[in-house]
Each structure stands twice: as structure tokens, then as C-alpha cells.
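Subject: Handover of a structure

Dear colleague,

Please find below the sequence and the structure that I am handing over to you. My findings follow it, and I would ask you to read them with the structure open.

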Amino acid sequence: MQGGLCSVCGERLVSPLAFRDAQDEPRCGLCRRLDQPFARAAAYGSYETGLRDLIHMLKYQHVRPAAGVLGRMLAEVVASLQAGWGDARLLVVPVPLFPAKLRQRGFNQAELIARAGLKLSPSRERYLLCGNLLERTRDTQSQTGLTPHQRRANLRGAFRVKDREQVSGREVLLVDDVFTTGATASECARVLRRAGATRVWVATVARTLKAEVQAVHFQPQESDSELTMAAHG
Ligand SMILES: [Zn+2]
């Protein structure tokens, strides 16, 4: 995803004459109006260009080797974010699933991808993978048809930091498979910051870019497609 992207959230910029911040970096309208709780979010590529199939293969068909491929992509994203980090070890936090969902799927795809990605990273001693640091306390699967603003509201109070002491004063790298409207990443980052994280970075394999978001609203929700998969399988 080269050129024309927001320097904070990675959204595609519609106007080439985008607003630029004090560091002369381009920002999208949302990041211009909103002080994002994360320092920067980056993705390997657009969700609608084959990454979607690969992610579905892992999540719904449970083809575990797909995590290795996705992890390799994530490692590139991590490398692209590294320049902004301090010297201390980073806590790597996969976006958690609601416990019932985790039991149903048997694994958290974000954690598998993070694990695979860090294994491939040349500076892996810099990271500490914390799969249980953040927990999802509320099931928030029905994001379908919600506006970005409603999605954010729907996620309020859905995540909790289990061990605030571990987060306090640390930089965190939040990992997920896909960044859709950014509502999930923002809420996780907000909760982590409130628990004392100095900065939160977001690395995802895929990102839904503008003009695709509209389409996503009309797609079946994760749980629906999982049911569809189960029915077909
Ligand atoms: Zn932005």
C-alpha cells in the first residue's frame, strides 16, 4: 500500500491535497479531528485483494499453516513501524476473542499470526508476547450495519486489561488480522493507555480501505459466515 495513506491510521486519502500535521505527514479527516489512542496503525495490504481469502482460510476453515503466511506479512508491518519505538522491550498484545468464541474456534487467529510473525522477526528479543494481558469481557459480534461511530460506542467497555502493572510505562504493539473501521483497535488502545501504556502501535495483516468499508457493512457478520461455513462443511 504505497502513497496516499494517512500517516496515523493508514486509511487511503481521497484528496492528494490532504491535511498535513506539524511533522508534514498526511492525515485523513478522522485522524485530523480525532486524537487517536494509538500512535500509528499499519497494515500489509488491502483486505479485498486476496488477503481476505487467506484470513478466512485460517479463521473459518481452520487451515493453520495460513497463519505462517500471514505471520510473514505481519513481520513486514512490524518492521515498518519499528522506527518509532523506544529501546525498551515491547509488549505484543493480540486482540482477544470473547471466551465463548475462542472455545468455538479453538484458537485466537490474532495470537497465531503474532506468534508466527515474531518468530520471523530479526529482532525478536525485543518483544514479549502477552496473549492474556487483554481480555474481552463482552461479546460484540453484531457490528453489522453500524456506522463507524456506532461501532465505537458498541465496543465501549468490551475489553479489560488483566494486569495493569505489566502495562504501566510500557509501549504496546497491538496485533490483529484485519483493521476494518479501526473501532476495535481504538478501543483496545484506549484501554491499554488507560492502564498506563505510554504508546500503542497497531499492526494488522489487512486493512479495509475507504470505499470498501461500505461494502463490508453489507457482508455477513463473522459469526454468520462461520455458521455458513459449518453448514457447508
Ligand atoms: Zn487516519
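Predicted model: local features only at pLDDT ≥ 70, side-chain atom pairs only at ≥ 80, totals over all residues.

Two residues are in contact if their C-beta atoms, placed from the backbone, lie within 7 Å.

Is Cys 28 buried or exposed? A residue counts as buried if 20 or more other C-beta atoms lie within 10 Å of its own. Cys 28 has 22 such atoms within 10 Å, and it is therefore buried. One of its contacts, Cys 6, is 22 residues away from Cys 28 in sequence, yet the two are 5.2 Å apart in space, C-alpha to C-alpha.

The chain as a whole

The chain contains 10 helices and 9 strands. Of its 233 residues, 38% are buried.

The nonpolar core

The largest nonpolar core has 57 residues, and those with the most contacts inside it are Leu 74, Leu 174, Val 175 and Val 205. Helix α3 (residues 65–81) gives the most to this core, namely 8 residues.

Apart from neighbours within four places in sequence, Val 205 is in contact with Ala 43, Tyr 44, Leu 51, Ile 55, Leu 70, Met 73, Leu 74, Ile 113, Asp 177 and Val 178.

How the helices pack

Helix α3 also packs against other helices. With helix α5 (residues 109–120), α3 makes an angle of about 60°, and the axes are 7 Å apart. That angle makes α3 oblique to α5. The crossing of these two helices, α3 and α5, is right-handed. On the α3 side the contact is made by Ala 67, Gly 68, Leu 70, Gly 71, Arg 72, Leu 74, Ala 75 and Val 78, and on the α5 side by Leu 112, Ile 113, Ala 114, Ala 116, Gly 117 and Leu 120.

Helix α2 packs on α3 at an angle of about 140°, with the axes 8 Å apart. Are α2 and α3 roughly antiparallel or oblique? Angles over 145 degrees count as roughly antiparallel, and α2 and α3 are therefore oblique to each other. Their crossing is left-handed. Leu 54, Ile 55, Met 57 and Leu 58 of α2 form the contact with Ala 66, Ala 67, Val 69 and Leu 70 of α3.

A further pair is helix α6 (residues 148–155) and helix α8 (residues 183–194), whose axes come within 9 Å and cross at roughly 40°. These helices, α6 and α8, are therefore oblique to each other, and their crossing is right-handed. From α6 the contact involves Pro 148, Arg 151, Arg 152 and Leu 155, while α8 supplies Ala 183, Thr 184, Ser 186 and Glu 187.

Three further residues

Asp 24 is not a glycine, although its phi is positive, at about 65°. Asp 24 sits in the loop between β1 (19–20) and β2, and it is exposed, with 7 other C-beta atoms within 10 Å.

His 62 has a phi near 60°, which is a positive value in a residue other than glycine. The place of His 62 is the loop between α2 (47–59) and α3. With 14 other C-beta atoms within 10 Å, His 62 is partly exposed.

Glu 171 is found in strand β8 (residues 171–179), and it is buried, with 20 other C-beta atoms within 10 Å. Leaving aside neighbours within four places in sequence, Glu 171 is in contact with Trp 85, Gly 86, Ala 88, Leu 90, Ala 197, Thr 198 and Arg 199. Glu 171 and Ala 88 are 83 residues apart along the chain, and their C-alpha atoms are separated by 8.0 Å.

Yours sincerely,
Your colleague

Definitions and conventions. Residues numbered from 1 in each chain as written. Core = buried A, V, L, I, M, F, W, Y, C linked by C-beta atoms within 7 Å. Buried ≥ 20, exposed ≤ 12 C-beta atoms within 10 Å, placed from the backbone. Helix = DSSP H or I, 4+ residues; strand = E, 2+ residues; numbered from the N terminus. Axes fitted to C-alpha atoms, helices over the stretch in contact; angles between N-to-C directions. Parallel < 35°, antiparallel > 145°, perpendicular 65-115°, else oblique. Left-handed = near helix turned anticlockwise from the far one by under 90°.
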